[in-house]
Every structure is written in C-alpha cells, then in structure tokens.
Amino acid sequence: MPRRGLMILRLVVNGGNHEADVEPRLLLSDFLRQGLGLTGTHVGCEHGVCGACTILFDGEPARSCIMLAVQADGHAIHTIESLSPDGITLNPLQEAFRDAHGLQCGFCTPGILMTLSAFLRDNPAPSQAEVRDALSANLCRCTGYQHIVEAVTRVTRSPLR
Amino acid sequence: MSPEARYVNARVRRNEDARLLTGRARFVDDVQLPGLLHVAFVRSEHAHGRLIKVDGAAARRRPGVVAVYTFDDLGEYGRPAPVLVPPPPISGLVFHPRTHRPLASGKVRYVGEPIAMIVAESRYLAEDAVRDVIVDVDPLDAVVDLEAALTAGAARVHDDLESNAAAHVVQRKGDYAAARDRADVIVARRFTYDRGAAAALENRCVLAQWDRQAEELTIWDTTQAPIPIRNGLASRLGLSESQVRVVAPFVGGGFGPKIMMFYPEELLVPWASIRLARPIKWTEDRQENFFATTQERGQLHDAEMALTRDGRILGIRDTFLFDTGAYDPYGLTIPINTQCTLLGPYDVPNYSSEFTAVFTNKTIVTPVRGAGRQHGVFVSERLLDLAARELGIDRVEIRKRNLLGPDRFPHNHEIMFQDSAPLVYDSGDYLPALEQAAATIGYAELVRQQAQRRSGTRRVGVGIACYVEGTGIGPYEGARVTVELSGKVRVATGVGTQGQGHYTVFAQVVADVLGVSVEDVQVITGDTREFQWGTGTFASRGAAVAGSACHAAAMSVREKIVALAASVLGAEPDRLEVAGGRVSVRGAADRTISLAQLAARANPLRGAVRPGTEPGLESTAYFGPDRGSTASGVHAMIVEVDVETAMVEVKRYVVVHDCGRIINPLLVEGQIHGGVAHGLGNAFYEQLVYDEQGQLLNASFMDYLLPTATDVPPIETAHRETPSPFNPIGLKGVGEAGCIPTGAAFAQAVEDALNIEILDIPLSPDRLFRLIQQAADR
C-alpha cells in the first residue's frame with residue numbers, strides 16, 4: 001500500500017521496470033528527471049508547446065511536461081537516454097546531427113531526436129516538406145532548423161533541395 | 001616553424017556534441033543534491049502600485065515550507081543592484097540609474113516583480129505556498145505608452161525623478177542643418193520597431209550550495225558571465241572571491257538576457273542558501289520567463305534623410321524614444337547601438353541623433369541578440385528605400401552610390417560607441433557583397449518582372465538590405481593553455497558558452513598552433529575555479545576576444561615547447577616542426593619527441609627547473625582590443641504575399657556576410673541560420689503585447705509565436721572574408737548578424753510586393769491585412 005495520498009506507479013522506462021509511490025499531481029517529466037535521474041529529457045515551457053520534453057509513450061511521441069506520471073502506469077516510456085544505450089556511441093541520426101551541425105545549445109535536441117526517431121520509423125524516406133512538417137512539433141531558437149533538416153536528409157539519403 | 005592552419009577555416013564537427021546528443025550534458029536544472037530545497041516567488045500582479053503589506057505568516061505555517069522571505073527580511077542585502085554598464089563619456093549625457101532591489105519595497109513597478117521568496121521541500125509545495133502569501137497593493141496608473149510617459153501629467157515609475165525620462169543623449173557629426181539646406185530632397189517619416197523575447201529554450205535556473213565546513217559557496221547559474229557573477233556575489237555577501245565558485249555548465253541558449261547581472265533570483269538563492277545552510281534551487285518556468293527575464297522592446301523614431309538629386313546622402317537626423325522598462329541596470333547599451341548602427345555601411349557626412357530613454361511599468365529591457373542594432377538598420381534602410389522611390393533611383397543603385405569604398409578604412413564616424421571608444425570601422429569591402437547578394441537573388445530580373453509580380457492574389461516582392469555590426473569589443477578575455485602529461489591539451493577560458501561552439505572553435509585555434517588533433521584539445525568554459533578573469537559572452541565577442549586570447553596563450557606554449565625540444569633534441573629551433581602531437585627535426589625522422597614526453601620533462605619530479613623558466617608547458621594570456629571590429633553583410637529575400645489572407649511566405653533568403661577570417665564556416669552558418677530565424681520571428685510572428693494596464697497579454701508559447709521549421713526558409717549563405725586588423729587572426733563577430741537586417745529586408749520585400757508603405761516592424765498578418773485594406777480604400 002502506498003503512503004496516504006500517494007499512488008503506486010509501475011512502468012517500463014528504457015526497457016527497465018520501475019515502481020514508485022508518487023503524488024498524483026507529479027508530472028511525468030519531473031518523475032523522469034528527478035525520480036529516475038534521466039535528466040536528458042528537458043523542460044522548456046511546461047505547457048506542451050516547445051517539445052523539449054518529448055518522450056516516446058508506447059512508441060509514440062508525447063509531451064512529458066503535460067502528462068502526469070501516474071498516467072504512465074502500465075506503459076512503456078523511452079527517453080533520449082535510450083537512443084545510445086552506452087551513452088557514448090551515437091546512433092545514425094545522432095551522428096548525422098553532429099555531422100550537419102544540427103544542434104547548438106542542445107537544450108531542445110533530445111525532444112527533437114525523439115520526435116524524429118518516431119517519424120523516421122514510420123516514414124523512412126520523407127520529403128523535405130514532410131521533415132519540416134514533423135519538425136514543426138518542436139521549437140528550436142538556435143539553429144533556424146536548416147541543419148536539422150540536413151541531418152535528417154543525411155540519414156534518409158533523400159536528395160537535398 | 002610558424003603554425004600550419006589545418007583546422008582554422010575548416011568545417012570541423014563539434015567536440016561538445018556527443019554529450020548533448022545523448023542527454024548526458026549537464027544543464028543547471030539537472031544538478032541534484034541531497035537535501036535540496038526549492039524556491040517559488042510571489043510576484044507582482046500589478047504593473048504599478050504602492051506595496052502596502054506583504055504577509056507570509058500563513059505560508060510559513062504550511063507543512064514543507066522552510067522559509068518565506070520578504071523585503072523586510074533582507075536588511076542591508078535588500079539594497080538596489082549595481083549599474084552594470086556605466087554610460088560612455090558623451091558630452092551632455094544625462095543618465096538616471098534606477099536599479100531593482102532583490103525584492104520589491106514600497107512600490108511594485110512591473111508585472112512579475114518579485115515580492116516574496118518561498119523556500120520549501122519541493123517545488124510543488126513552494127508553489128502551493130505562493131497562494132498563502134497575502135499581498136496588499138494599492139494600484140497606480142501604469143506607464144505604458146512611450147510618448148504618454150513623457151507628458152506632464154503622467155504617472156511616474158520612480159517618484160524621486162521629475163519625469164519618466166531615464167536618459168537623454170545627443171550625438172552629432174558634421175552640421176546636419178547646413179546639409180539639410182543644401183539638399184535637393186528630404187524624406188522624413190515616423191518609424192516604430194519593436195523587439196521581443198529572447199526565448200532561449202532553457203529558462204533561467206540558479207542553484208546554490210553553502211558548505212558550512214569549508215565555508216565555500218558553489219553556485220550553478222544559467223549565466224553568460226560567470227566571473228562577474230562570482231565577483232559581484234562575493235562582494236555583496238561579504239565573502240572572499242576564493243570562497244565563491246560559479247559554474248555555468250551547458251547553458252540552453254542565452255541571446256542576451258542571461259547576462260543581466262544580477263537578477264533578483266541570482267541574488268536571493270545564494271543568500272538564502274547561506275542562511276539556511278542547505279542547497280537551494282530555483283528554476284524559472286516559461287510564464288515567469290516572459291515576465292521576469294529581461295527582454296527588448298520598442299523604439300519610436302522620427303527620422304529624416306537629406307539627399308542630393310542623384311541619391312547621395314548629405315545627412316541624417318533622428319530623434320527617438322527607447323523603452324527601458326521599470327529599471328535601467330544595463331545602462332544605455334541598446335540605444336547607443338541603435339544610434340551608431342543606423343549609420344550602416346554608408347558615407348554619412350552629417351548626422352544628428354538624439355534619444356530619450358523612458359521608464360515604463362514593464363519588464364526590464366536589456367540587450368537581446370542584435371541589441372538595438374536592428375532598430376537603427378531599419379530606420380536608415382527604410383529612409384533609403386523611400387528616397388529611392390522619391391528620386392526614381394533603383395534600390396540597389398542608391399545603396400551602391402552611398403557605400404563606403406574599400407579605401408575609406410579605418411573609417412571614423414566621429415561619435416561614441418557603446419564600448420566607450422569612438423565608432424571606428426576597422427575594415428570592410430561592402431560593394432562586392434551587395435553585388436553578390438543582388439546577383440544571387442536575381443534582383444535585376446525581378447525588377448524587370450515587377451508588373452507581373454504585383455498582379456493576382458499571390459504577389460511577389462524582393463527586398464535587399466545592408467548592415468554593419470559592431471562586434472568583438474573589449475575590455476578583455478583570457479585563456480590558459482596547458483599540455484598535460486598525456487600529451488592532450490587543456491584550454492580554460494572565462495567566457496560562458498550557450499551553444500556557440502566555443503568548445504570547438506577555441507580547440508581549433510589552439511590545435512593549429514600546437515600541431516595536435518582538435519579532438520585532443522579539451523576546452524573548459526564557465527567555471528570560475530578553472531579560470532577567474534574575464535567578462536562574459538555578449539556583443540558577438542566570444543571568438544574575436546576569447547579566441548584571440550586562446551591564440552596568444554597557445555603561441556606562448558608553443559614557444560616553450562620549441563625551446564625545450566630544441567635543447568632535448570639538440571637542434572636549432574628554426575629546424576623544428578611541431579605537428580602530429582610531436583616535435584621533430586626537419587629532415588631527420590629519428591630525432592623526434594612527443595608533446596607528452598616534453599610535458600613530463602617540463603615538470604620533472606627530480607632535478608631543478610632552471611631560473612627564469614617555469615614548470616610545465618602552460619601559459620596564460622589575455623587579449624583586450626582597443627575597440628571592436630565591424631562585421632557587415634547584405635540580406636536579400638523573395639516573399640510571396642497572399643493579399644486575401646495577408647500571410648507572407650519567404651520563398652528565398654540569401655545572406656552574403658563578412659565576419660572577417662572564419663574559424664569554422666559550418667558553425668558560422670549555424671549562427672546565421674539561427675539569427676535569420678530570430679529576425680523573421682521579429683519581423684512577422686513575435687511581439688510582446690502589453691495592454692494599457694501594463695499587463696503582458698501573450699505570455700506563453702501558445703500566444704507568443706516562435707518561428708517553426710515550416711516558417712523558416714532554407715537560407716543560402718555566402719562568406720566573404722575581410723580580416724580585421726584589430727586581432728591576430730583577423731576575426732570579427734557573427735553571433736547577432738543574422739537577425740539585424742531581417743526586419744528591414746522583410747519590410748522592403750513586402751512593400752515591393754504590394755506597392756504600399758511599411759513603417760513598422762513587426763508586421764503580422766492582421767497588421768498587414770489592415771495595410772492592404774487601407775491601400776485598397778485609397
């Protein structure tokens with residue numbers, strides 16, 4: 001039994017099982033960052049617009065800043081930390097971001113990578129317009145998006161416009 | 001013998017990216033400490049009012065609340081923050097410094113001004129307790145409109161001043177009145193140019209930990225200027241500078257406001273940490289960021305340009321109002337930038353410029369990327385467009401006739417720049433850049449097609465605007481370069497970094513000088529324990545000033561390497577080659593020694609370090625330019641305007657720019673892309689909208705629109721390189737350039753498409769729709 005006012009949360013994060021007693025009002029982003037120490041998920045606006053906190057919820061991109069942790073009970077979450085299991089080796093999309101200079105301050109980058117991971121899984125050969133459309137779910141103040149689009153193009157080997 | 005350029009000017013991938021891409025990079029809010037307390041602030045809901053009472057008793061009783069502080073708890077610590085940037089020595093200058101206190105006292109002067117600080121066991125509990133604090137405010141009329149603020153009966157933001165004028169500055173060159181008398185044509189208009197939020201994706205965050213045993217205070221801060229923060233806080237807290245360590249780890253975008261020293265929260269969190277002897281963290285939320293983080297806003301210009309019949313500028317006169325918000329801790333940097341940058345790349349023999357800074361009941365204004373430069377560029381570029389139209393001269397042609405020629409440098413504009421040095425352009429070559437931009441965008445062909453472009457419901461326009469950017473100003477930065485025992489190189493510098501790529505560009509500079517791989521150079525910035533002299537990252541100065549210091553320190557280490565290697569290898573220094581992490585005697589492959597071996601010999605465990613030499617392969621150097629270097633460029637764009645919806649689509653965007661010698665073209669392009677996106681936001685999407693009560697109406701990303709990937713076009717960038725003579729590598733800054741002429745070029749392009757007159761930025765679809773309707777009614 002959880003302590004009074006708390007709820008039991010059981011979920012799978014990056015393939016590992018976790019169980020915790022949490023306040024019902026605890027945000028999923030705070031649970032991931034503070035509860036599990038997965039600080040790669042960033043919080044930029046806390047109202048679901050900027051997309052920095054994007055995680056995969058049962059494989060689909062979702063804003064962890066406008067979800068309660070308890071809503072994730074019984075579900076599978078993937079965060080930025082799952083893209084590179086050893087934390088050092090970059091996957092092809094991450095490598096392409098580095099090659100194309102697709103990040104500057106890097107604060108929005110984890111959310112963008114999560115959005116694009118799901119997008120490219122579902123649409124492995126997108127057009128430039130489709131890439132920009134998918135990317136419009138996330139705000140970036142540094143890059144002007146151009147090098148991010150180029151990074152995706154490097155991975156998908158679509159022709160540059 | 002001299003260093004070989006292998007990395008400088010190459011498209012080198014960034015050293016810092018792996019950490020950022022895997023989520024390992026540490027930002028301030030990622031720091032977790034045992035026993036950490038959390039903070040929420042009670043902020044003013046009124047733009048202007050008498051603060052009658054603040055009662056935190058109920059909040060103090062709430063379980064989980066550790067402390068509640070109001071102004072009365074602060075004692076001497078509650079005194080106003082310092083003025084950061086004293087105004088330059090301009091004759092007749094009037095400046096009334098009025099800076100904020102850590103917590104409001106007597107009056108509240110803007111919505112969001114902190115009134116009470118709550119410290120609790122969690123952020124959730126701290127926010128709960130915000131509602132427990134009783135704040136009694138007697139509202140006063142809010143000062144919002146700039147012109148109304150200066151009228152006789154206006155409410156006053158600061159009761160002890162006679163009016164809301166915060167400053168008055170006049171700068172003159174030549175004799176404008178005489179030039180006006182000689183002129184064939186005068187164009188005069190009123191212009192408004194509004195800026196907006198910096199909107200770094202990372203909000204501000206401060207975490208402080210007081211170690212009672214060591215009597216040391218560690219502060220993690222999302223600041224662009226860790227060293228001045230350390231020095232100022234140590235002094236204010238009565239600690240030695242060696243007792244205070246400020247760390248700005250990875251910072252999620254700066255764009256100016258993260259160098260506002262000292263924010264109330266930056267003063268209070270360390271103070272409370274010492275008082276409570278517990279680590280304390282405050283993380284700003286996005287709504288707070290809109291109210292409590294400094295911003296830039298509007299200027300109102302009454303400007304005129306006097307010209308000859310053939311389009312030569314005889315002079316410019318400009319009178320403007322500048323909104324400084326409720327306090328003016330950052331001095332006059334922004335309006336002086338406006339005043340200076342208005343002169344652009346042009347030969348302006350006579351200039352008369354006067355501004356009044358105005359206190360209003362709005363968030364404090366401090367520089368945001370561009371820092372007033374775009375306001376000035378907008379005014380002069382618009383005046384040139386209007387003059388071109390009136391004189392029947394092509395827009396590009398009138399610019400060509402007025403550009404400073406390559407033989408005019410250094411060019412002294414005879415007025416004072418924000419760095420307290422005369423406004424002198426170091427070098428430039430403006431005409432080829434303009435011609436290249438016009439050719440790339442197909443300007444001549446577009447002009448020929450003007451009639452077709454202006455027909456139908458989707459009308460096409462072309463805009464082309466020039467700018468200069470004063471960059472790389474002093475006072476100085478420093479760097480320490482060390483060859484470690486592993487043979488790898490460590491570089492420490494004092495500037496903060498917020499995504500510019502300093503970890504890589506400084507490594508490139510040092511790697512070339514020391515002949516090592518760029519991956520083997522580890523750069524440390526933003527930690528006062530590592531390097532404790534410096535000012536910060538602002539005014540597009542990181543690469544030019546700190547980069548030059550890295551170069552100087554590396555050159556000095558290279559001398560030590562060569563001297564030691566010469567003695568070890570028994571060869572003349574001029575026969576030595578420093579490359580591949582080794583020193584070798586040219587033409588004798590077996591006479592070679594690695595930097596690692598040399599580092600060990602330079603720091604022996606036995607024997608003696610000879611008099612007059614120092615142990616180790618390490619040097620510290622500083623670079624302080626007398627004045628900044630002036631970057632320049634031209635932006636051209638093609639827009640398509642739907643006359644029925646007033647939506648504008650940018651079809652092409654061309655940037656031809658010159659930031660002197662380029663360390664890394666890939667990163668420079670990144671700076672430009674981001675700047676253009678910010679500039680397009682400023683031109684069409686972003687505006688901080690205040691109502692007549694001083695309430696900000698769009699304080700969320702739902703209502704304040706940052707451009708997305710579908711709003712920003714691909715940007716075609718061409719680099720030109722006119723080296724600066726003011727630093728050894730020939731660098732000029734580029735951080736702000738992308739957003740400086742964007743509004744001017746956008747206005748011109750839309751004007752060209754619709755054949756209407758545009759005097760205000762930002763436009764928005766509804767503002768543009770009204771302009772289209774008005775034109776149709778005429």
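The contact between the two chains takes 44 residues from chain B and 45 residues from chain A, two residues being counted as in contact if their C-beta atoms, placed from the backbone, lie within 7 Å. The model is a predicted one, in which local features need pLDDT of at least 70 and side-chain atom pairs count only at pLDDT 80 or more, whereas totals for chains, interfaces and linings use all residues. Residues are numbered from 1 along each chain as its sequence is written, and chains are lettered from A, with ligands numbered from 1, in the order in which they are written.

On the side of chain B that touches chain A, at least two residues each are supplied by α1 (17-21) and α18 (665-685) of chain B, where helices (H or I, at least four residues) and strands (E, at least two) are DSSP runs numbered from the N terminus. Of these elements, α18(B) gives the most, with eight residues. By residue class, this side of chain B divides into 22 nonpolar, 14 polar and eight charged residues, with Ala, Val, Leu, Ile, Met, Phe, Trp, Tyr, Cys and Pro counted as nonpolar, Asp, Glu, Lys and Arg as charged, and the others, Gly among them, as polar.

Chain A is itself divided into domain 1 (7-82) and domain 2 (92-156), with bounds that come from an automatic or database domain assignment. The centres of these two domains of chain A, taken over C-alpha atoms, are separated by 22 Å, and their contact takes 15 residues from domain 1 and 11 residues from domain 2. On the side of domain 1 of chain A that touches domain 2 of chain A, the elements giving two or more residues are β3 (54-57) and β4 (60-63) of chain A, and the largest share, three residues, comes from β3(A). The residues of that side of domain 1 divide into seven nonpolar, seven polar and one charged.
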